[in-house]
Amino acid sequence: MVKNIDWGEFKAFRATNLKEQDNFMTLLDFLKSYYNLFSVYDIFDTLNNDETSKMMLDKRNITTAEELEPYLFKAIH
């Protein structure tokens, strides 16, 4: 289930987010709360199909859903 990321909503979410974290971790929180995405495969597909978030994945050398999983565990805590 690939979603198109609403970057305007993300900016509003980031402005009200109380956690101190980088934009990538905030984006993971946003995808979970705004789109109710919890499957690592759905989240990876969504990130991988958006130009901006694809750059975030590339920066961290994440090329598979399995490589994204540790970041999701960090975002939960």
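Start by selecting Phe 10 and Phe 30: both are buried (under 20% relative accessible area, where exposed is over 50% and partly exposed lies in between, using a 1.4 Å probe and protein chains only). This is a predicted model, in which local features need pLDDT of at least 70 and side-chain atom pairs pLDDT 80 or more, while totals for chains, interfaces and linings use all residues. Residues are numbered from 1 along each chain as its sequence is written, and side-chain values use heavy atoms, leaving out hydrogens and water.

Keep those two rings on screen. The structure holds seven aromatic pairs (Phe, Tyr or six-membered Trp rings with centres within 6.5 Å; planes under 30 degrees apart are stacked, over 60 edge-to-face, the rest tilted). The ring centres of Phe 10 and Phe 30 are 5.6 Å apart and the planes at 75°, so this pair is edge-to-face. It joins helix 1 (residues 7-16) to helix 2, 20 residues apart in the chain; helices are DSSP runs of H or I, at least four residues, numbered from the N terminus.

Now move to the largest nonpolar core, with 21 residues, including Phe 24, Leu 27 and Ile 43 (buried Ala, Val, Leu, Ile, Met, Phe, Trp, Tyr and Cys joined through side-chain atoms within 4.5 Å). Helix 2 gives the most, six residues. Click on Ile 43: beyond four places in sequence, its contacts (heavy atoms within 4.5 Å) include Leu 28, Lys 32 and Leu 72.

Finish at Tyr 71, where the charged end of Lys 74 sits over the ring, 5.4 Å from its centre (NZ of Lys or CZ of Arg within 6 Å of the ring centre and within 35 degrees of the ring normal).

Notes
Helices (H or I, at least four residues) and strands (E, at least two) are DSSP runs, numbered from the N terminus.
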